[in-house]
Amino acid sequence: MASTAPLSAPSPQLEIAPELKRIASRFVSDIHEDLAKDKLIFPSVPSVVVKIRKVMEDPDASVNEITRAISLDPALSAKLLKVANSVFYANASPCRDLRSAVIRLGADAIEHVVMLLVVARVFAVGERRRIQPYLARLWRHSVLVASISERLADRIGQLEADVALLAGLVHDLGKVPVLVRAEKVPQLLTRREIIEPLTLALHCKVGRAMLAAWRFPPELVAVADAHEDFTRASDGPAEYLDLVMVANLMSYAGTSHPYAAVDWAEVPAARKLGVDAHAVDEVLEGARPTENALSSI
């Protein structure tokens with residue numbers, strides 16, 4: 001692969017009209033200012049998640065207590081039951097009620113699954129019709145990266161597959177608040193060649209702030225913050241950031257995206273995981289069942 005490919009997020013230099021350039025510049029400045037003042041509006045964490053987390057903080061919480069907390073949100077309960085019966089947790093006999101699903105998933109996985117389902121809701125902002133096409137593309141990409149991340153976790157055997165799945169799903173989550181903000185600036189939103197580079201340039205900082213506000217663990221906040229810094233090197237064992245970084249590269253294999261031309265030999269995360277471009281086809285094939293299951297949530 002070409003060694004001249006970019007090793008960090010591209011920053012396209014677009015030829016646009018002066019007025020549009022002024023609007024775009026103001027858009028970016030306003031978001032940076034709101035981030036600095038903690039005023040940027042993020043999707044809120046549902047109250048049921050707060051309740052579930054509170055219950056889960058008690059190491060002695062019973063299955064019935066966890067089940068009652070989840071049941072406060074019927075839609076979430078139905079989705080969780082579906083996940084428990086999906087390819088993620090295949091079993092000979094299906095779970096027929098929420099309590100059985102909680103038992104099958106286990107206390108360690110419950111919070112990750114709940115957050116996975118909440119994140120899926122963020123991408124499916126049905127009433128926001130003007131940004132729905134962007135959200136749909138973003139969801140498909142996030143599902144693919146999440147599925148590859150899970151597969152890579154299974155492959156290397158050092159990290160938890162369900163956490164890797166969630167890490168992949170949230171890596172680009174910072175793009176959502178940027179797109180929501182862009183609804184108020186139709187001059188930008190209707191120009192995909194403008195709004196997508198702006199979103200790309202902003203989403204890591206916004207994602208870091210959003211996941212921190214949602215009280216995600218530091219290792220997942222780091223994923224949102226630095227998953228496109230392909231030059232990043234670190235000592236010690238593989239991290240979720242390494243997984244998602246490589247999964248993101250794999251997701252663009254065979255496309256015209258600039259990341260498809262990145263020289264894997266120059267990506268420390270790929271070396272740490274012990275994978276190269278030759279592993280892409282095998283990993284993508286192994287990730288397909290999870291990708292299909294996630295897409296149907």
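The structure is a predicted model, in which local features need pLDDT of at least 70 and side-chain atom pairs count only at pLDDT 80 or more, while totals for chains, interfaces and linings use all residues. Residues are numbered from 1 along each chain as its sequence is written, and side-chain values use heavy atoms, with hydrogens and water left out. The protein chain has 15 helices and zero strands; helices (H or I, at least four residues) and strands (E, at least two) are DSSP runs numbered from the N terminus.

**Overall dimensions and burial**

- Along the principal axes, the C-alpha atoms of the protein chain fill a box of roughly 60 × 45 × 30 Å.
- Of the 297 residues, 49% count as buried. Buried means under 20% relative accessible area, exposed means over 50%, and partly exposed lies in between (1.4 Å probe, protein chains only).
- Among contacts in the protein chain with a separation of 6 or more, 71% come from residues 24 or more positions apart. A contact means heavy atoms within 4.5 Å.

**Packing of α1 with α11**

- Two packed helices are described by the angle between their axes and the distance between the axes. Axes are lines fitted to C-alpha atoms, for helices over the stretch in contact, and angles run from 0 to 180 degrees between N-to-C directions.
- Helix α1 (residues 18-36) and helix α11 (residues 192-213) have axes that come within 11 Å and cross at roughly 5°. Because of this angle, α1 is roughly parallel to α11. Angles under 35 degrees count as roughly parallel, over 145 as roughly antiparallel, 65 to 115 as roughly perpendicular and the rest as oblique.
- On the α1 side the contact is made by L20, A24, F27, V28, I31, H32 and L35, and on the α11 side by I194, I195, L198, L202, K205, V206 and A209.
- By class, this contact of α1 with α11 has twelve nonpolar residues, one polar and one charged. Ala, Val, Leu, Ile, Met, Phe, Trp, Tyr, Cys and Pro count as nonpolar, Asp, Glu, Lys and Arg as charged, and the others, Gly among them, as polar.

**Helix α9 and its surroundings**

- Helix α9 (residues 175-182) is mostly covered, with six of its eight residues buried. The buried residues in α9 are K175, V176, P177, V178, L179 and A182.
- The buried residues of α9 pack against α1, α6 (107-123), α7 (132-156), α10 (186-189) and α11.
- The axes of α7 and α9 are 10 Å apart, and the two helices pack at an angle of about 170°. The pair α7 and α9 is therefore roughly antiparallel.
- In this pairing, Y134, L135 and L138 of α7 meet K175, V176 and L179 of α9. The contact of α7 with α9 divides into five nonpolar residues, no polar and one charged.
- T199 lies in helix α11 and counts as buried at 5% relative accessibility. Not counting residues up to four places away in sequence, T199 touches K175, V178 and L179.

**The loop between α11 and α12**

- F216 sits in the loop between α11 and α12 (218-226) and is buried, with a relative accessible area of 8%.
- Leaving aside neighbours within four places in sequence, F216 is in contact with R53, M115, L166, V170, L211 and V221. F216 and M115 are 101 residues apart in sequence and 9.4 Å apart in space, C-alpha to C-alpha.
- R215 is also found in the loop between α11 and α12, and at 52% relative accessibility R215 counts as exposed. Phi of R215 is near 65°, a positive value in a residue other than glycine.

**The loop between α1 and α2**

- D38 is placed in the loop between α1 and α2 (47-56) and counts as exposed at 70% relative accessibility. D38 has a positive phi of about 55° although it is not a glycine.

**Cysteines**

- The count of disulfides is zero, where a disulfide is a pair of cysteine sulfur atoms within 2.5 Å.
- C95 is buried, with a relative accessible area of 8%, and C204 counts as buried at 15% relative accessibility.
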